[in-house]
Amino acid sequence: MVDKIKVDNLSCYYNRKCVLESLNINVIQNEILSIIGPSNSGKTTFLRALNRMNDLDLTYSRRGEVYLDGGSIFDISMEDLRRRIGMLFAMPTPLPMTIYENIVYAPKRLGLISKKSEQDALVERALKDASLWDEVKDRLKSSAMKMSGGQQQRLCIARILAINPEVILFDEPCSGLDPISTVKVEESMIGLKQKYTIVLVTNNVKQASRVSDRTVFFFMGKIVEIGTTDKLFVSPKEKQTEDYITGRFG
Ligand SMILES: Nc1ncnc2c1ncn2[C@@H]1O[C@H](COP(=O)(O)OP(=O)(O)OP(=O)(O)O)[C@@H](O)[C@H]1O
Ligand SMILES: [Mg+2]
């Protein structure tokens with residue numbers, strides 16, 4: 001098993017206040033790693049630290065290192081890093097264009113594709129990988145804004161896939177979706193781990209248990225427990241983890 005990401009003694013601060021303390025954690029290539037934990041435990045901060053999204057915030061600072069394929073993420077240009085590590089947010093954020101244009105927009109701008117045939121092939125591949133192709137193949141030229149929330153979220157996944165990332169970060173991707181759309185997004189995520197490495201923040205512990213290989217439980221900016229999902233949910237080592245996954249707090 002190869003470490004895709006390695007986080008070494010990472011501490012994160014907003015206005016010098018510590019919100020993540022000395023984290024050591026690895027993300028294994030082609031796994032889905034779920035991060036669970038109550039509100040304010042630092043899950044989003046952690047995710048954003050992995051593609052340097054936090055760096056835009058002037059009150060933010062950090063100590064420690066994050067490695068991608070063994071190299072520091074701070075030695076990679078921001079543009080390359082964002083291409084290699086894509087991120088999906090809680091609310092679907094399609095562009096107000098057609099389904100087709102949503103997918104080719106970024107790859108065209110980045111100069112990854114130009115020919116119509118390349119664009120067509122890319123749209124098909126990305127939509128298939130996002131488990132959306134069958135639902136929309138006959139209406140690629142209609143507006144993305146007319147899709148359901150779950151379809152929009154999978155379109156946003158397809159948009160990320162279109163720029164060939166290596167890692168995808170999901171921050172509560174189903175929190176605004178109904179149960180059926182949630183299942184579809186989960187199915188799409190499970191399919192994606194063949195090609196990509198996935199870190200999923202979710203406040204739905206059942207979702208973590210359904211889709212992830214390993215799960216980590218965060219509390220107040222620290223890792224309480226990390227383990228294979230089967231083990232963590234069946235026989236957690238820590239009482240805090242058990243209380244959280246059984247719904248006794250958080
Ligand atoms: N931009 C910011 N500026 C200042 N403080 C912040 C900022 N973003 C997050 N924080 C603080 O950092 C801590 C961790 O927040 P974070 O958003 O990472 O938690 P979370 O686990 O994702 O919570 P939730 O489940 O509610 O999304 C909180 O105390 C929060 O108030
Ligand atoms: Mg969050």
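Helices (H or I, at least four residues) and strands (E, at least two) are DSSP runs, numbered from the N terminus. The model is predicted, so local features need pLDDT of at least 70 and side-chain atom pairs count only at pLDDT 80 or more, while totals for chains, interfaces and linings use all residues. Residues are numbered from 1 along each chain as its sequence is written, chains are lettered from A and ligands numbered from 1 in the order in which they are written, and side-chain values use heavy atoms, with hydrogens and water left out.

Buried here means under 20% relative accessible area, exposed means over 50%, and partly exposed lies in between (1.4 Å probe, protein chains only). The buried residues of H1 are Lys43, Thr45, Phe46, Leu47, Ala49 and Leu50. After H1 comes Arg52, with a positive phi near 60°.

An N or O atom in the side chain of Lys43 is 2.7 Å from an oxygen atom of the ligand. A polar backbone atom of Asn40 is 2.8 Å from a ligand oxygen, and an N or O atom in the side chain of Asp57 is 2.9 Å from a ligand nitrogen. Taken alone, ligand 1 exposes 640 Å², of which the protein buries 65%; accessible areas come from the Shrake-Rupley method with a 1.4 Å probe, and for residues only the protein chains shown count as cover.

An open sheet of 4 strands runs in the order E2-E1-E4-E5, with antiparallel pairing. Strand E2 (17-28) and strand E5 (71-72) are at the edges with a single partner strand each, so one side of each has no neighbour in the sheet. Two strands pair if DSSP finds at least two bridges between them. Strand E4 (residues 60-68) is joined to E5 by 2 bridges, and Tyr67 stands opposite Ser72 in E5.

Ser11 lies in strand E1 (residues 3-14) and is buried, with a relative accessible area of 7%. Its side chain reaches the backbone nitrogen of Ser22 at 2.9 Å. Apart from neighbours within four places in sequence, Ser11 is in contact (heavy atoms within 4.5 Å) with Leu20, Glu21, Ser22, Ser61, Arg62 and Arg63.

In soluble globular proteins, nonpolar side chains tend to be buried together. A nonpolar core is a set of buried Ala, Val, Leu, Ile, Met, Phe, Trp, Tyr and Cys residues joined through side-chain atoms within 4.5 Å. The largest one has 36 residues, of which Ile103, Leu127, Leu140, Leu155, Ile157, Phe170 and Leu192 touch the most other members. Elements giving two or more residues to this core include helix H3 (99-109), helix H6 (149-161) and strand E7 (167-171); H6 gives the most, with 6 residues. Leaving aside neighbours within four places in sequence, Leu140 contacts Thr98, Ile99, Tyr100, Val123, Leu127 and Trp133. A second, separate core of 29 residues includes Leu23, Ala49, Met53 and Met87.

Strand E9 (residues 214-219) and strand E10 (residues 222-228) pair in the antiparallel sense over 6 bridges. Arg214 has Thr228 of E10 as its bridge partner. The two strands E9 and E10 form a hairpin with 2 residues between them, and Met220 in the turn has a positive phi of about 50°.

Notes. A polar contact is a pair of N or O atoms within 3.5 Å; within protein, one must be able to donate a hydrogen and the other to accept it, and residues adjacent in sequence count only if both atoms are side-chain atoms.
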